[in-house]
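Please have a look at the model first, and then we can go through it together.

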Amino acid sequence: MGSENKVNGIDWYENNHLDSRNQSPSPSLQNCQSQQDSYHKLLTLPTILTLGRVAAVPLLVSTFYVDSWWGRTATTSIFIAAAVTDWLDGYLARKMRLGSAFGAFLDPVADKLMVAATLVLLCTRPLEVAIFGQLPWLLTVPSIAIIGREITMSAVREWAASQNSKLLEAVAVNNLGKWKTATQMIALTILLATRDSSLGGPGILVASGVVLLYISAGLSVWSLAVYMSKIWRVLLK
């Protein structure tokens, strides 16, 4: 009797369970599931890291104007963390296949915001060294070149996306752009770090940061010229 009741109970459970699985979900349930899927696709781990970089920009600005050792340390640490997450979110998106259209749009925006903010900050409040007193335009020139290039490339890529696939391929990121980004991040890290007077040999560090910034500006202009020549060749065909 006990085993017979157990079997009947199992049969009843399986029949009801199968019936519930065979029934189509209600429209409201389908909408809820669709919203959850969209939410998970939108807020992937790489996208969260990118949003963190955007949120760190006002924090970077705030700590930059703090006249103490911890403010300078915090500013440099925030920028280094942003540079690391810039590499990390791209790596995770490729490795874990978590790329999304929103993430692809937000990633370059976050990078440009962080770099432009840092360049403007350094220009408005340069390091207290003799070379910047004698040559006040020393950081302004490469900063204008870098920011101007980024604005131009954003407009060019938006225009290329509205035209055809060949133009979009012509403005795809190349190795020259990657070298530009690498030298740019190193240069800005050095220039932020040398604001800390406790570091030894600030003159050598400042000089190396300025040189790398000019190299980055040169690569920026060069890469822009390469992109424009590719676009010109596509338009002439």
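Arg53, Asp86, Asp107 and Asp111 are linked in a network of salt bridges, where a salt bridge is a side-chain nitrogen of Lys or Arg within 4 Å of a carboxyl oxygen of Asp or Glu. The structure holds seven salt bridges. You are looking at a predicted model, in which local features need pLDDT of at least 70 and side-chain atom pairs count only at pLDDT 80 or more, while totals for chains, interfaces and linings use all residues. Residues are numbered from 1 along each chain as its sequence is written, and side-chain values use heavy atoms, leaving out hydrogens and water.

- Side chains of opposite charge can pair when their charged atoms come close.
- Aspartate 86 and arginine 53 meet through their side chains in a salt bridge, at 3.7 Å from N to O.
- Aspartate 86 sits in helix H4 (residues 69-95) and arginine 53 in helix H3 (residues 45-64), so this pair ties together parts that are 33 residues apart in sequence; helices here are DSSP runs of H or I with at least four residues, numbered from the N terminus.
- Aspartate 86 is buried, with a relative accessible area of 16%; buried means under 20% relative accessible area, exposed over 50% and partly exposed in between, using a 1.4 Å probe and protein chains only.
- Arginine 53 also forms a salt bridge with aspartate 111, with the closest N and O atoms 2.8 Å apart.
- That pair links distant parts of the chain, since arginine 53 belongs to helix H3 and aspartate 111 to helix H5 (residues 101-124), 58 residues apart.
- Arginine 53 and aspartate 111 are both buried, and arginine 53 has a relative accessible area of 3%.

**A salt bridge between loops**

- Aspartate 67 forms a salt bridge with arginine 125, and their closest N and O atoms are 2.3 Å apart.
- This pair links distant parts of the chain: aspartate 67 is in the loop between H3 and H4, and arginine 125 is in the loop between H5 and helix H6 (130-134), 58 residues apart.
- Aspartate 67 counts as exposed at 61% relative accessibility, whereas arginine 125 counts as partly exposed at 30%.

**Serine 223**

- Serine 223 lies in helix H10 (residues 202-236).
- Is serine 223 buried or exposed? Serine 223 is buried, with a relative accessible area of 0%.
- Leaving aside neighbours within four places in sequence, serine 223 is in contact with Arg149 and Leu176, contact meaning heavy atoms within 4.5 Å.

Definitions and conventions
Helices (H or I, at least four residues) and strands (E, at least two) are DSSP runs, numbered from the N terminus.
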